[in-house]
Amino acid sequence: MTGKFQATHAALIGIILAVSAYITQSAVRARASMDNLIVVAPVAALIALICIVLIVAPLLKARDPEAKAKPAPDTALWGDILLLAGFAAFCYALTHIGFDLATFLFVWGGVVMSGGRGWWQPPVFAAIFTALLVYGFGSLFPYPMLTLVL
């Protein structure tokens, strides 16, 4: 990187920060007690820290004279758009086909998009991740999630 952000990356970081701030503000306005903020406040702080690192790291890398600037391929934009479309489909599927199946399909697709080449490793990883996520969330939050299999 040359110290510049692609427009899609800057937009995504801005959206993430705006949604995180809105959710945190909504939780504080609803009830500013420790019970209500036990999950929201640490996650919001972690999201803010990750976004700061994502912004600062390329700027520090640009100062390094040995770091060679490699132009971003034109397909990076289409990959970002495909990933955002997949996430939108995942959010829609959560309430229509169930949390477990939607998570399984999204993780499987993400592993394949990230370069998972095997025919059995991506679905096995997606199944293990989904089971841990569904049972982990189920033990943390007493809210009944719509699930199809688990």
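Thr 130 touches Asp 100, Thr 103, Phe 104 and Leu 150, leaving aside residues up to four places away in sequence; contact means heavy atoms within 4.5 Å. The model is predicted, so local features need pLDDT of at least 70 and side-chain atom pairs count only at pLDDT 80 or more, while totals for chains, interfaces and linings use all residues. Numbering starts from 1 along each chain as its sequence is written, and side-chain values use heavy atoms, without hydrogens and water.

Thr 130 lies in helix α6 (residues 121-140). Its relative accessibility is 3%, so Thr 130 counts as buried (under 20% relative accessible area; exposed is over 50%, partly exposed in between; 1.4 Å probe, protein chains only).

Helices (H or I, at least four residues) and strands (E, at least two) are DSSP runs, numbered from the N terminus. Ile 13, Ser 20 and Ala 27 are the buried residues of α1.

Buried residues make up 15% of the 150 residues in the chain. Among contacts between residues at least 6 apart in sequence, 56% join residues at least 24 apart.

Ile 38 sits in the loop between α2 (34-37) and α3 (40-63). Ile 38 is exposed, at 53% relative accessible area.
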